[in-house]
Amino acid sequence: MPDPAPGELSLSKLLSTLRLSMNPDTFVFLTFPIELPPPKTLPVEMYFREQEECTVITTLESAKKYSLECVFSCRKITCKVHSSLDAVGFMAAISKKLTDRGIGANPVSGYYHDHLFVPVDRADEAVKALEELAKDARTME
């Protein structure tokens, strides 16, 4: 049996200690057939094998360099708090805040941090909304 996932479990602590950073690059989503992996030199931010094909997130610059068809120009916002992979409600609270602002987000959870891929033209607004969420959580302590 695997060990429990490290990181913070408390929703109130996760929200009140939330800090954000936004990567300056523009990212895009693209797909590759399962039997045809992406070019070995393509910088991959995320690779996920789905039933239909493999989803890859890379920079727009890299997609253009390799002449790859891509969709969803977005920015990556990193939640700078070590949330446990077992944490309950953290992404739901974030999603609700962004939903209330009409901002779509594609979350990706890593071992240490959660990341959000949000539309390029709404990225600054998304950061402000999440900073407001964190501030509100701090005042509730």
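Here is a short exchange about a predicted model. Local features need pLDDT of at least 70 and side-chain atom pairs count only at pLDDT 80 or more, while totals for chains, interfaces and linings use all residues. Residues are numbered from 1 along each chain as its sequence is written, and side-chain values use heavy atoms, with hydrogens and water left out.

Colleague: Is Thr-58 buried or exposed?

Modeller: Thr-58 sits in strand E4, residues 54–59. Strands (E, at least two residues) and helices (H or I, at least four) are DSSP runs, numbered from the N terminus. Buried means under 20% relative accessible area, exposed over 50%, partly exposed in between (1.4 Å probe, protein chains only). The relative accessible area of Thr-58 is 1%, so Thr-58 is buried.

Colleague: Which backbone oxygen does the side chain of Thr-58 reach?

Modeller: Leaving aside neighbours within four places in sequence, Thr-58 is in contact (heavy atoms within 4.5 Å) with residues including Phe-27, Leu-42 and Ala-63. At 2.5 Å, its side chain reaches the backbone oxygen of Pro-43.

Colleague: With which side chain does the side chain of His-115 make a polar contact?

Modeller: His-115 lies in strand E7 and is buried, at 17% relative accessible area. A polar contact is a pair of N or O atoms within 3.5 Å; within protein, one must be able to donate a hydrogen and the other to accept it, and residues adjacent in sequence count only if both atoms are side-chain atoms. At 2.9 Å, the partner is Thr-78.

Colleague: What separates the C-alpha atoms of Ser-12 and Ala-134?

Modeller: Ser-12 is in helix H1. Its side chain also joins that of Ser-10 through a polar contact of 3.2 Å. Ser-12 and Ala-134 are 122 residues apart along the chain, and their C-alpha atoms are separated by 9.4 Å.

Colleague: Is Leu-85 buried or exposed?

Modeller: Leu-85 is in the loop between E5 and H3. Its relative accessible area is 52%, so Leu-85 is exposed.
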